[in-house]
Amino acid sequence: MIGNDIVDLAQARQDSNWRRKGFLDKIFTPHEQQLIHDATDPDRMVWLLWSMKESTYKLAVRKTKNRTFAPVKIVCSLNGAIESTAEGVVFYGDNYQTSSSITAQYIATIAFSANTNPAYSQVIIPFETMSYEAHHELLSRKIKHHGSALFQTPEHEIHIDKDSLGIPVLAIGHSATAPISISHHGHYGSYVIGLE
């Protein structure tokens, strides 16, 4: 199982003032707030931790079917971070691991169960417009094409279904499925297909 999140850093700067009174207390634990305050780039640390929380939440919902979102109860710690990647551990009713790709434009994070090494395929897509409908259409086309290549199945037999909680699943042919996590923010989209 997998979870996925992407943060467009320019869009986050435009839309969110994380420095406003009370914001950090609602979202981040005292330890996470210390990581933010100690960071050489606090903005990037805020959105890295947010992406870790969001991707883990998506995975936890898949596992538990509980959609209660309480970000301060999703507890993040970093195992290692360099300029372009970060590895973390997240606790949210269970232990999870995260792997993040960091660029000047976005932070993309994948979450998976602790002590596993899942097989997956991740794709980041830049969008030319801010239209949700255009994002959805482009993501759908890319997923069908990518899924067709991964599973050696004709594109017309690949489609995205949702379970009773609205969680996406990649339908392959008439009977097979694969986990998929889809995220988009600002000018970027990301999806991860589980190959388990």
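Which helix gives the most to the lining of the second largest pocket? The legends below take up this point and others in a predicted model.

**Figure 1. The whole protein is shown as a predicted model.** The protein has five helices and ten strands. Along its principal axes, the C-alpha trace spans about 50 × 35 × 30 Å. The radius of gyration is 17 Å, which agrees with the value near 16 Å that a compact globule of 196 residues would have. Buried residues make up 46% of the 196 residues. Among contacts between residues at least 6 apart in sequence, 55% join residues at least 24 apart.

**Figure 2. Helix H3 meets helix H4 in this view.** H3 covers residues 30–38 and H4 covers residues 42–64. The axes of the two helices come within 7 Å and cross at roughly 145 degrees. On the H3 side, the residues in contact are Glu 32, Leu 35 and Ile 36. On the H4 side, they are Pro 42, Met 45, Val 46, Leu 49 and Lys 53. Sorted by class, this contact has six nonpolar residues, two charged residues and no polar ones.

**Figure 3. The second largest pocket has a lining to which both H3 and H4 contribute.** H4 gives the most to this lining, with three residues. H3 and H4 each supply at least two residues. The volume of the pocket is about 240 Å³. Leu 35, Asp 38, Ala 39, Thr 40, Asp 41 and Arg 44 are among the residues that line the pocket. The lining also includes Met 45, Leu 48, Ala 81, Ile 82, Glu 83 and Ile 102. By class, there are seven nonpolar, one polar and four charged residues in the lining. Leu 35 and Met 45 also take part in the contact of H3 with H4.

**Figure 4. The largest pocket is lined by 21 residues.** About 440 Å³ of space lies in this pocket. Which residues lie nearest its centre? They are Lys 162, Gly 166, Ile 167, Pro 168 and Ile 182. The largest share, six residues, comes from H5. The lining has eleven nonpolar, six polar and four charged residues.

**Figure 5. Thr 109 is a buried residue in strand S5.** Its relative accessible area is 0%, and a residue counts as buried when this value is under 20%. Leaving aside neighbours within four places in sequence, Thr 109 is in contact with residues that include Gly 3, Asn 4 and Asp 5. Thr 109 and Leu 48 are 61 residues apart in sequence, and their C-alpha atoms are 8.0 Å apart in space. Leu 48 is one of the residues that line the second largest pocket.

**Figure 6. Asn 79 is an exposed residue in strand S2.** Strand S2 covers residues 75–81. Is Asn 79 buried or exposed? Asn 79 has a relative accessible area of 58% and counts as exposed, because the cut-off for exposed is over 50%. Leaving aside its neighbours within four places in sequence, Asn 79 is in contact with Glu 87, Gly 88 and Val 89. Thr 29 is 50 residues away from Asn 79 along the chain, and the C-alpha atoms of the two are separated by 17 Å.

**Figure 7. Asn 115, Gln 152 and Gly 93 lie in loops.** Asn 115 is in the loop between strand S5 (106–113) and strand S6 (120–126). Asn 115 is not a glycine, yet its phi is positive, at about 60 degrees. With a relative accessible area of 79%, Asn 115 is exposed. Gln 152 is in the loop between H5 and S7. Gln 152 has a positive phi of about 50 degrees although it is not a glycine. The relative accessibility of Gln 152 is 74%, and this residue counts as exposed. Gly 93 is in the loop between strand S3 (85–91) and strand S4 (95–102). Gly 93 is exposed, with a relative accessible area of 70%. From Gly 93 to Ile 36, the C-alpha to C-alpha distance is 23 Å, and the two are 57 residues apart in sequence. Ile 36 is one of the H3 residues that meet H4.

Terms used
Residues numbered from 1 in each chain as written. Predicted model: local features only at pLDDT ≥ 70, side-chain atom pairs only at ≥ 80, totals over all residues. Heavy atoms only, no water. Axes fitted to C-alpha atoms, helices over the stretch in contact; angles between N-to-C directions. Helix = DSSP H or I, 4+ residues; strand = E, 2+ residues; numbered from the N terminus. Contact = heavy atoms within 4.5 Å. Nonpolar A, V, L, I, M, F, W, Y, C, P; charged D, E, K, R; others polar. 1 Å grid on protein atoms, 1.4 Å probe; cavity = no way out; pocket = protein on both sides within 12 Å on 5 of 7 lines; lining within 4 Å. Points joined across faces, edges and corners; volume = space filled by probe spheres on them. Rg over C-alpha atoms; globule rule 2.2 N^0.38 Å. Buried < 20%, exposed > 50% of the residue type's maximum accessible area, 1.4 Å probe, protein only.
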